[in-house]
Amino acid sequence: MTDVAAAVDRLIGGDKATLARALTAVENAYPHAAELLEALRPHTGCARVVGVTGPPGVGKSTLCNALIREWRTRGHRVGVIAVDPSSPLSGGAVLGDRVRMHEHDQDDFVFIRSLAARTNGGGLAASTAGAIVVLDAAGMDCVLIETVGSGQSQVDIAGVAKTTVVVSAPGFGDEVQALKAGILEIADVLVVNKADLPHAEQTARQLRIMLGLRDAQRWQPPVVMTSGHTGQGVDQLAEALQEHHDSIVTDTPAATQTHTVADLLRKLASEDPYVRHLGIEFITGGSGHASVRMRVQPSHISFNGTCHGGALFSLADAAFGLASNSHGVVAAGIDAHITYPRAVKVGDVLTAGAVEETRSRRFATYRVIVTRSDGATVATFTGTVATVGGARPGAPQ
Ligand SMILES: Nc1nc2c(ncn2[C@@H]2O[C@H](COP(=O)(O)OP(=O)(O)OP(=O)(O)O)[C@@H](O)[C@H]2O)c(=O)[nH]1
Ligand SMILES: [Mg+2]
């Protein structure tokens, strides 16, 4: 086995020392770096890559720290790249970032790395793109890139990130004006941070007005108010990132036309004969979640006058199956538990919503709740899938 092949094996196996060495090789453009990246590329595509940019001092690092915490509660593994394109001038910034994200040092599922600008312009973008490949192959579910908002570097980040977050804060009036000059164009999500300070709502309003002036597009960037200090709004930010992730079109070379995750799940549901037979209808879905509904038919009612457990199970199972397939991985085994606290009758419309609760490289767990249209919970269901197996061709990654 070559050195590069051995390094790839160790890296995808989760070896942190190999990960750190690979990032150093990429950052310094060592001779074997290109070969290493080529060998790692087939193991990539699962990470959601989020770039965070904005003027100095708006609280990007503090917010990233809070976002890492939020993602960890959702069971995600997180890789962080703190980019400092102006290190000779603000040598302390990256060090400051490391200190702000210090609380995650002992967490095995958070990996933080600073990339300094040894080269300029495209060089930094290239090493950032390489670092993303390495962190993605190493099994990170989320890769967060923080960069100081200075001209070209922002646009470069938008080029490598799948989702770009532009952070502003109250009192940064001039910067809000500067946002008009182009950075607004790259924003998928806008954040007004330091929402604990006065005038945050005013800044958010200004941004919404500016966004209103933008051409209507498929994705309308939301404006989210957060405080990295108090944690306020960080869960909404995570939700907005999730929604943008769900809306991203797949760029799988095999795909001749673009599909959102929801489109793909709708197609899976419509092609499933059992789902069709039971009259189960797809409502909505995205990465890690899906909802379906079913009107209870006479054929669903058992000899003792209640809905068959099998029909309820199938409804919940459809939501669960779609949610777990949203990642494009084949579920190799399922372990499920279900309870039926209430009876239902013919004509009731039941909705099953499945949400991913935890996810690792090997397992994902889902919670499915079946409700009646009056909101009463009919059944709860917990499922585990082993996520081993290959990606389905053409599935969103
Ligand atoms: N009031 C308030 N202050 C904050 C908040 N978040 C960060 N700060 C403060 O703002 C200052 C800058 O925070 P950082 O997180 O370093 O900001 P940054 O945008 O990463 O800065 P650079 O990396 O230098 O561009 C620090 O003094 C923080 O304590 C917040 O939510 N509310
Ligand atoms: Mg910072």
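**Helix packing in a predicted model**

Guide: In this predicted model, helix α1 (residues 3-12) and helix α2 (residues 16-27) have axes that come within 8 Å and cross at roughly 125 degrees.

Visitor: Why is α1 called oblique to α2?

Guide: The crossing angle is roughly 125 degrees. Angles of 65 to 115 degrees count as roughly perpendicular and those over 145 as roughly antiparallel, and the rest, apart from those under 35, as oblique. The value for this pair therefore makes α1 oblique to α2.

Visitor: What is the handedness of the crossing of α1 and α2, and which residues of the two helices meet?

Guide: The crossing is left-handed. From α1, the residues A7, R10 and L11 meet T18, L19 and A22 of α2. This contact divides into 4 nonpolar residues, 1 polar and 1 charged. Arg counts as charged, and R10 belongs to the α1 side of the contact.

Visitor: What makes α2 oblique to α3?

Guide: Helix α3 comprises residues 33-40, and α2 packs with α3 at an angle of about 125 degrees, their axes being 9 Å apart. Hence α2 is oblique to α3. The crossing in which α2 passes α3 is left-handed.

Visitor: How do you know how many residues are nonpolar in the contact of α2 with α3?

Guide: The residues that meet are A22, A25 and V26 in α2 and A33, L36 and L37 in α3. Ala, Val and Leu count as nonpolar. The contact accordingly divides into 6 nonpolar, no polar and no charged residues.

Visitor: Why are the buried residues of α11 said to lie on the same side of α11?

Guide: In helix α11 (residues 261-271), the buried residues include V261, A262, L264, L265, L268 and A269. They cover an arc of only 160 degrees around the axis, and therefore lie on the same side of α11. On the other side of α11, K267, S270 and E271 are exposed.

Visitor: What do the buried residues of α11 pack against?

Guide: Their partners are the helices α10 (234-247), α12 (273-277) and α13 (309-325), together with the strands β8 (281-286) and β9 (289-295).

Visitor: How many helices and strands does the chain contain, and what percentage of its residues is buried?

Guide: The chain has 13 helices and 13 strands. Of its 397 residues, 44% are buried, a residue being buried if 20 or more other C-beta atoms lie within 10 Å of its own. Among contacts with a separation of 6 or more, 72% join residues 24 or more positions apart.

Terms used. Residues are numbered from 1 along each chain as its sequence is written. Chains are lettered from A and ligands numbered from 1 in the order in which they are written. This is a predicted model: local features need pLDDT of at least 70, side-chain atom pairs count only at pLDDT 80 or more; totals for chains, interfaces and linings use all residues. Axes are lines fitted to C-alpha atoms, for helices over the stretch in contact, and angles run from 0 to 180 degrees between N-to-C directions. Helices (H or I, at least four residues) and strands (E, at least two) are DSSP runs, numbered from the N terminus. A crossing is left-handed if the near helix is turned anticlockwise from the far one by less than a right angle, and right-handed if clockwise. Two residues are in contact if their C-beta atoms, placed from the backbone, lie within 7 Å. A residue is buried if 20 or more other C-beta atoms lie within 10 Å of its own, exposed if 12 or fewer, and partly exposed in between; C-beta atoms are placed from the backbone. The arc is that of the directions from the helix axis to the C-beta atoms.
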